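I opened the notebook today to look at aromatic rings and nonpolar cores. Here is the model I worked from.

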Amino acid sequence: DCGRGAVFLSIARGKVAEGVDFDRHYGRAVLLLGVPFQYTLGRVLRARLEFLRDTCAIDEADFLTFDAIRQAAQCAGRVIRGKTDYGIVVFADKRYNRADKRDKLPGWIRQFITDGSLNLSSDLAMHRARQFLRKMAQPATTAETVSLDFEQLRRSNAYVASAATATAAITSHPLQATGQQLPDQPADQPERFAVEMDEAEAMEIAV
């Protein structure tokens, strides 16, 4: 909170790496050293690997790789806690350059791993990090925070279909079919409610 910053060290598969959130300014970067594989000599893990191999025909290497990449994604997600949050994630291991490792990362991480972000030198990585943080520190414009305006949503096939579904659900309600009204409710309430539902659906699609 004082603005001076700090460095926090932890290990993968621990409480900090999986259960603690560092949202907003409490966490802006994650530096992940290595691939967090499990200890493969444990009896519980060996029994699990044998069961997966014999029952599900899952290769040991595939399971261990998937589990390790899942843990890496858990570590990366400590600083990205919402749609308005941002941060830098550095996978400091050349094994993440391999397609069989990157393909197991979740889509929200994989979409930012381009060819231009692989095998960066320390100087180039620092330069791109400075550029990114300067850009994110600027106030967001309306165009950046809202993907579609209401008129564009009305022309969207997805919105038209969802709005039609909501309207059909309201008109098919038993109270609508029988002409009954809720107590102390004006006669035009169902129509006004349908309009409010349309706007709410539009906001949900925009988000």
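Predicted model: local features only at pLDDT ≥ 70, side-chain atom pairs only at ≥ 80, totals over all residues.

**Entry 1, ring pairs.** I looked up the aromatic pairs and got 3. I began with Y86 and F132, whose ring centres are 6.2 Å apart. Their planes meet at 75°, and over 60 counts as edge-to-face, so I noted this pair as edge-to-face. I then checked where the two partners sit: Y86 is in the loop between α3 (60-76) and β2 (88-92), while F132 belongs to helix α6 (residues 122-136). The pair links distant parts of the chain, 46 residues apart.

Y86 is buried, at 18% relative accessible area. F132 is partly exposed, at 29%.

I turned to F91 and Y96, with ring centres 4.8 Å apart. Their planes are at 45°, so I wrote this pair down as tilted. Both F91 and Y96 are buried.

What sits over the ring of Y86? I found the charged end of R28 there, 3.8 Å from the ring centre.

The largest nonpolar core has 13 residues, and L32, F91, Y96 and I109 have the most contacts inside it. Helix α3 gives the most to this core, with 6 residues. I also listed the contacts of L32, leaving aside neighbours within four places in sequence: A72, C75, V90, F91, A92 and Y96. Another core, of 5 residues, lies apart from the largest one and includes L45, L49, L52 and L64. As a reminder to myself, nonpolar side chains tend to be buried together in soluble globular proteins.

Terms used:
Residues numbered from 1 in each chain as written. Heavy atoms only, no water. Phe/Tyr/Trp six-rings, centres within 6.5 Å; stacked < 30°, edge-to-face > 60°. Helix = DSSP H or I, 4+ residues; strand = E, 2+ residues; numbered from the N terminus. Buried < 20%, exposed > 50% of the residue type's maximum accessible area, 1.4 Å probe, protein only. Lys NZ or Arg CZ within 6 Å of the ring centre and 35° of its normal. Core = buried A, V, L, I, M, F, W, Y, C linked by side-chain atoms within 4.5 Å. Contact = heavy atoms within 4.5 Å.
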